[in-house]
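Biologist: Hello! Could you show me how to read a few features of a protein model, step by step?

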Amino acid sequence: EDRKGDQEIEEGKEPFPKKEKRSTFRFVTTDKNALHFSIRLSILLTISSLFVLVEGPDGKGYPQGLWVYITVLFVSWFPSLDAASVIYKSIQRIMGTFVGVIIALLCGVASSFIDNFKTRGIFLGCCIAAVTFAVPFAASHLKVGRATILAQYAYACILCLLTFAIAVLPFHDDSANEPRWRKALFRVANVVIGCILGAVGSIVILPRSTKSIIIEKINKQIKFAGEASQSVLHIAADTFAGEMVPLPLADELVESAADLKTRIRNSLSRRTFHSVDKRVIVEEGNVVLELYETSLKDWRATKSIYPVVRYDPFNIFVPKDVREAFKTETANILARALRVQNTVVLLDGIVRNEPKHNFDETHLALFAESGTLIRRMLTVPHDPVAGEFAAQELTGKLSRARRAIVDLSAHVANSPTELPSRDLVHIDELVGAECEEGDDSDGRGAPKLVPGSNVCALLFLQLVEHLMLRSLRLYSAWKHFVNLEVVNRGGVVNKGDGIEIPSMLVGE
């Protein structure tokens, strides 16, 4: 079966049965997470509005009940939509509110000893100026650990200044029929009530664990890494075979939509190197850089979730060593996925700017087949059978790439004319040197110092080897993490028949 699968890969065929294609006419799918978030927020805001709508036995409404509604809205509205983020935001809001009220009461009580209305206004104005300067300065200057207070508690700082203004300004109003401190007191009480409502609602009403969000982010990074690797290696095979002319990055930045459609249409009409899927290359324009930008943005968003993991209420009873192992393993996967993307971008730059290399058909087939194997290996959800088969096949391709590197290195070493010059060249001489015809195209602006292309081809082969290694290491880390999660959930990892992945691990 392995020989048959290897033969099918060599012929550019799928070694595994393809999934049936969905019909073109289908109902629009609904985002489950968006639906759950909307339901939870609607229920919480409706409950909090009762503090304004319902009257007491005396015919009066709850004092300043609108702040319950506002607090629930702000603490529950969080991009990741998980319980830990709501709790983390609630804690910051309570902290900022308490500090702001305390400062406001100190300033307000001090102003109450001033009988003159104008003098009291001047005093309160000076207090506002001093506090609004001191709080941002201290938050930006002082550090808690390795980060500033503003970096860690930005939301609390904003609420501190807002609450301070709301609580201190009534002390300048002589027409009020109730004690001036009453507004500050109810402000704190309503914020606490709103935070409790938001936190309880995020746990009880269609809850979402922060851990599950991180797992979904990891699956996205793995999927992006596989797709980007396949795209860049297929583009390389097609370009070096002379069947595709890549667009330089500088030209692509100013390319119009009409030019893009024309380029894609022309590329589709050209012959394709065998084992290359032309749709992977031109389906959505510049796939490689788009995937890199998307994965980098998502990677940063995932990084911002880690500080709130400790607030996840669904992991309170999980042993500490298991929680630490989860953070370590997931961080390792994210780091390796980012390294794969960085290598892909380097390869893409070489393909764009130096499309002429001395590669024979064996090398080109190696690139295309390796890209297909990396994508299959890094397919989400994790398929232990197909993933292991692709990993074994990719290991064989890695050995072929290393043999090609050794052979090409020996050829370069035995050809003195292809070795780069070791003489130091002044930057003025480099910039002022006359380029050979075609050397300065695409805005490179510097001549090639290497007469032949074998040295450049050797660098590209080494980067392809690097991409294979990083992809295999990413797959190994991902597989280890999935197995670890199965064991922690009481499952059994069957090495012979594969493992059953829980639905939460695959983001279903």
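Predicted model: local features only at pLDDT ≥ 70, side-chain atom pairs only at ≥ 80, totals over all residues.

Biologist: At what angle do the axes of H9 and H15 cross?

Modeller: Helices (H or I, at least four residues) and strands (E, at least two) are DSSP runs, numbered from the N terminus. Axes are lines fitted to C-alpha atoms, for helices over the stretch in contact, and angles run from 0 to 180 degrees between N-to-C directions. The axes of H9 (residues 210–240) and H15 (residues 361–377) cross at roughly 165° and come within 8 Å. Angles under 35 degrees count as roughly parallel, over 145 as roughly antiparallel, 65 to 115 as roughly perpendicular and the rest as oblique. H9 and H15 are therefore roughly antiparallel.

Biologist: Which residues of H9 meet H15?

Modeller: Contact means heavy atoms within 4.5 Å. On the H9 side, Gly226, Leu233 and Phe240 are among them, and their partners in H15 include Phe367 and Ile374.

Biologist: How many disulfides does the count come to?

Modeller: A disulfide is a pair of cysteine sulfur atoms within 2.5 Å, and by this rule the count is zero. The sulfur of Cys127 has its closest cysteine sulfur in Cys107, at 3.8 Å, too far for a bond. Cys157 is in no disulfide either, as the nearest cysteine sulfur, that of Cys160, is 7.1 Å away.

Biologist: Is Val68 buried or exposed?

Modeller: Buried means under 20% relative accessible area, exposed over 50%, partly exposed in between (1.4 Å probe, protein chains only). Val68, in helix H3 (residues 66–76), has a relative accessible area of 0%, so Val68 is buried. Val68 touches several residues, including Ser48, Phe51 and Gly194. In sequence Val68 and Gly194 are 126 residues apart, yet their C-alpha atoms are 4.6 Å apart in space.

Biologist: Which peptide bond is cis?

Modeller: The one from Val380 to Pro381, with omega near 0°. Pro381 sits in the loop between H15 and helix H16 (384–413).

Key:
Residues numbered from 1 in each chain as written. Heavy atoms only, no water. Lists of a residue's contacts leave out its neighbours within four places in sequence.
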